[in-house]
Structure formats: C-alpha cells, structure tokens
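Let's take a walk through this structure together, one piece at a time. Have a look at the sequence and the model first, and then read on.

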Amino acid sequence: MLQIGDEVVYFSAVFLLVMLGTRSATGASLLTAFLYVFMVMFRFPPVPAEQAGRVLRPRAPSGGVPVVAHRGGSHDAPENTLAAIREASRNGATGVQLDLSFTADGVPVLMHDETLDRTTNSSGPVNKLQFAQLRRVDAAVRHRLKNKFSGEKVPTLREAVEECIRHQLTIFFDVKGQPDKYSDARSTDASD
Ligand SMILES: *[C@@H]1O[C@H](CO)[C@@H](O)[C@H](O)[C@H]1NC(C)=O
C-alpha cells in the first residue's frame, strides 16, 4: 500500500513523464488527476489475514476434521430449523447440511421431504403451498423435544444462511425441488 509520501513522488513522476510525452501541462494535469481518482476509488482497506481466514475456511476443532451436522443437527432439535442450526453450533459442529425446497410461490425454504407430513403438523406437498401458509405450520411438533422447541417455524433460505453466518458454520445444501419440476408445477397450476 502506498503511503502519502510515496504517492506524492509517484504522481509527480507520472505528471513529469506525461508532460514530457505530450508536452502539454493541462493534459498531464488532467491525466494525473484522473489516475489519482481512479486509484482512490479502487483502493480497498486491507483485510487482516486472520479475519479473512475465519470466513474462508471452516473452523475445525484443534485441527481435526470438520464436523458437519446432518439436516442441521436433527437429533438435538427439529431438523432443518434455525433451532437445529443453533444446536449444531452449540455442540461443536463446524458445518451444517441443509435441505432446500421451494414453495408454490417460489420461496426457497428448508425442508427435506416433498411433503409436510413427517416433520410438521400439516400435510401435503411443500411446492403446492404458498409461503404465507407454510409459515403457519409448526416444524417442531413431530420432534422428541417438541416442548423445548414449540413454535419453531420452517425457515427461509435467507434466515438459515444468516443464522449460519452468525455461528460461523459452513453450509452444505441439498436441493430437493428440481427447478424444472417447479416450473412444470407452475404451468399446471396456471392451466387449471
Ligand atoms: C400447527 O401449529 C401452529 C402453531 O401452533 C398452529 O397455528 C396451526 O394452526 C397448526 N396447524 C394445524 C393444521 O394444526
């Protein structure tokens, strides 16, 4: 990174060279000024290596293998919920595997099965339900710790990612709803 003193020398040199080349003080001034603005605009504060490493590399306990919690850690909390992500972090996981599905109105949400039957107090295919409707189902009701996690919702992709960032967890997604299946469902709906 150039220091102020270096910059003065640097830009004076550029100015002299351009003036010698073009024999125009105005041109040289403009070009040097342009170069200066360009450099200021594209200058980023340096990121400490330690900080960059924390985001780019999953943290592993004492140099061990990364621990990835399946479905966000479904044993200790209802699977594919924000509670599961939090529990996984609390239990020392370095990453979570989550399942991505889409609602009828195209909102990416966490859900393993094609239907709501196994994990929630509702039923039927996820991709036939509007997000607003899906939001009302209870995602904890079928879990052995349902009392501890009562009222847990089906999270959106965005909420899940934000929770993982908060806990510095690496995310591994399984995409369940095929995009072409999804558009088929949409066109069938439209022709009904
Ligand atoms: C599921 O649980 C939620 C939250 O308790 C409730 O609002 C909703 O009515 C329930 N749905 C069904 C179909 O029982």
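Helices (H or I, at least four residues) and strands (E, at least two) are DSSP runs, numbered from the N terminus. Please keep in mind that this is a predicted model: local features need pLDDT of at least 70, side-chain atom pairs count only at pLDDT 80 or more, and totals for chains, interfaces and linings use all residues. Residue numbers start from 1 along each chain as its sequence is written.

Which residues of helix 4 are buried? They are L82, A83, A84, I85, E87, A88 and S89. The buried residues of this helix pack against strand 1 (68-69), strand 2 (95-102) and helix 6.

Let's follow that last partner. Two packed helices are described by the angle between their axes and the distance between the axes. Helix 4 (residues 82-90) and helix 6 (residues 157-166) pack at about 15 degrees, and their axes are 10 Å apart. That makes helix 4 roughly parallel to helix 6. For these values, axes are lines fitted to C-alpha atoms, for helices over the stretch in contact, and angles run from 0 to 180 degrees between N-to-C directions; under 35 degrees counts as roughly parallel, over 145 as roughly antiparallel, 65 to 115 as roughly perpendicular and the rest as oblique. The crossing of the two helices is right-handed, a term used if the near helix is turned clockwise from the far one by less than a right angle, with anticlockwise being left-handed.

On the side of helix 4, the contact is made by L82, I85 and R86, and on the side of helix 6 by E159, A160, E163 and C164. Two residues are in contact if their C-beta atoms, placed from the backbone, lie within 7 Å. By class, this contact has 4 nonpolar, no polar and 3 charged residues. Ala, Val, Leu, Ile, Met, Phe, Trp, Tyr, Cys and Pro count as nonpolar, Asp, Glu, Lys and Arg as charged, and the others, Gly among them, as polar.

Now step into the loop between strand 1 and helix 4, where T81 lies. T81 is buried, with 28 other C-beta atoms within 10 Å. Leaving aside neighbours within four places in sequence, T81 is in contact with G72, A139, E152 and P155. T81 and T156 are 75 residues apart in sequence, yet 9.2 Å apart in space, C-alpha to C-alpha. N80 lies in the loop between strand 1 and helix 4, and its phi is near 55 degrees, a positive value in a residue other than glycine. Just after helix 4, G92 takes a positive phi of about 90 degrees.

Finally, let's visit the ligand. The residues around it are N121, S122, R136, V137 and D138, each with its C-beta atom, placed from the backbone, within 6 Å. This shell divides into 1 nonpolar, 2 polar and 2 charged residues.

Stepping back, the protein chain has 7 helices and 4 strands, in the pattern α-α-α-β-α-β-β-α-α-β-α along the sequence. Buried residues make up 25% of its 192 residues.

Conventions
Buried ≥ 20, exposed ≤ 12 C-beta atoms within 10 Å, placed from the backbone.
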